[in-house]
Amino acid sequence: MSDGLPCMWMRGGTSKGAFFLAKDLPPDPQARDALLLHVMGSPDARQIDGIGGANPLTSKVAVVRKSIREDVDIDYLFLQVFVEQAVVTDAQPCGNILAAVAPFAIERGLVAATGTETQVTILMENTGEVATATVLTQGGKPIYVGNAAISGVPGTAAPIPLVFRDIAGSSCGALLPTGNAVDTIDGIEVTLIDNGMPVVVLAAADMGISGEETPAELDTNETLKVRLEKIRLKAGPLMNLGDVALKSVPKMTLVAHSQAGYALTTRTFIPHRCHAAIGVFGAVSVASAALLPGSPANRVAVIPDGVMKTIAVGHPEGETSVILEIDAGTVRSAAILRTARKLFDGRVY
C-alpha cells in the first residue's frame, strides 16, 4: 500500500466511486474491506482522511474483472462503503455506478472497442444478473462528451443505455417476496418489492407528509425517520434479507401523486438519509410497483397504455424514466438511460 493502488475515480449516473481491477485488491474480503475503509476515510462524517465525499452517493466502489463466462464480458462487484460506520457491504447492486463499468473496462483494456458503439455485457456479482451497456467509442476509447441529460447531473454527456432482463427477485428471491402486492407493517400499507433493488414502497400521505418536501426537510424530520426505520427493520426478514440493522437495504421509498406531470413522485431513504435523486434499480422497482393494482404506488401513479410502458419516476432533482416491457402481466425487461464520466486516473494511498 506504500506504493499506492491503481484507481480510477468515475461518475456513474448520479453517483461517484472508486473503480479498481479485482487483481489490484486483496483477495481476502476482510483485508479488502479494511483497505477500502482506509481509502475512503471511513468511519468519519467528513471522510476527511480519504477520497470519499462524505455522502453515501460518493462513497462507492466498483471491483471489475474480465469474466470467465462465455456469454459475459465483465464481472462487476459493487461495494457500498458506509460514511460514519466501519461497514463495507455487498448486499445490494448499484445501477448508477454500473453505468461507468463498461467505459472503465474499455479504458483498462478488458474489452476492445468495436467501432463507434461498443456493447458490453456485465455480470452483476451482487445479484448474479446480467446487464448490457452500450458505450459510444472512438479510436478505441470511450466518448464521454455528448448531448444526453439525466436529472441530478448538471450539463450533458454521452448516453449509456442500460438494459436489464430477468432481474426480479435478484436479492429477495422473488419480485414480491411475501407473495403480496400489499402488506401491512405497523398499520401502514406497503409493497415489499425487488425488481433489481429491495424496496419498501409506501404512500407519503400515510406517513404524514406530502411527498413534495425537500431532502433537507425530511432529513430533519426525526419522527418520520424513526417510524421508517421501525418499518424497515420489520420488512427485512419478510423480504428474506434477515436482520437489516447494519444493511443498506431495503430502501424506503415514499410515493405521491406528481404535481410536475410525472407518473408519480418519490422520496427515497438509503436507508437513513433522504436521497437527492433515486437509484437506477430503485427506480425500476418503484416503477414495477406502480403497475400492481391496489398498491400504494399504483394508487397515486398515472400509468400509460401499451406493452412498452415508460414510467417517469419523479424525485427531488427531476425524474428517471424507466421503460418496462410487459408480457402477460410480467415485467420482461427494463431499460434506463444513464451517463458517466472519467474524473481522474492514478494511484490511491
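**Labels and their cut-offs**

Author: Met 308 belongs to strand 15 (residues 308-315), a strand being a DSSP run of E with at least two residues, numbered from the N terminus. This is a predicted model, where local features need pLDDT of at least 70, side-chain atom pairs count only at pLDDT 80 or more, and totals for chains, interfaces and linings use all residues. Residues are numbered from 1 along each chain as its sequence is written, and side-chain values use heavy atoms, leaving out hydrogens and water.

Reader: Why is Met 308 called partly exposed?
Author: Its relative accessible area is 49%. Buried means under 20%, exposed over 50%, and partly exposed in between (1.4 Å probe, protein chains only), so Met 308 is partly exposed.

Reader: And what makes Arg 347 partly exposed?
Author: Arg 347, in strand 18 (residues 340-348), has a relative accessible area of 45%, so the label is again partly exposed.

Reader: Which residues does Arg 347 contact, beyond its neighbours within four places in sequence?
Author: They are Asp 3, Gly 4, Leu 5, Pro 6 and Cys 7, where contact means heavy atoms within 4.5 Å. Arg 347 and Cys 7 are 340 residues apart in sequence, yet their C-alpha atoms are 5.3 Å apart in space.

Reader: How far is the Arg 347 side chain from the backbone oxygen of Asp 3?
Author: That distance is 2.9 Å. For Gly 4, the backbone oxygen is 3.0 Å from a polar atom of the Arg 347 side chain.

Notes: Helices (H or I, at least four residues) and strands (E, at least two) are DSSP runs, numbered from the N terminus. A polar contact is a pair of N or O atoms within 3.5 Å; within protein, one must be able to donate a hydrogen and the other to accept it, and residues adjacent in sequence count only if both atoms are side-chain atoms.
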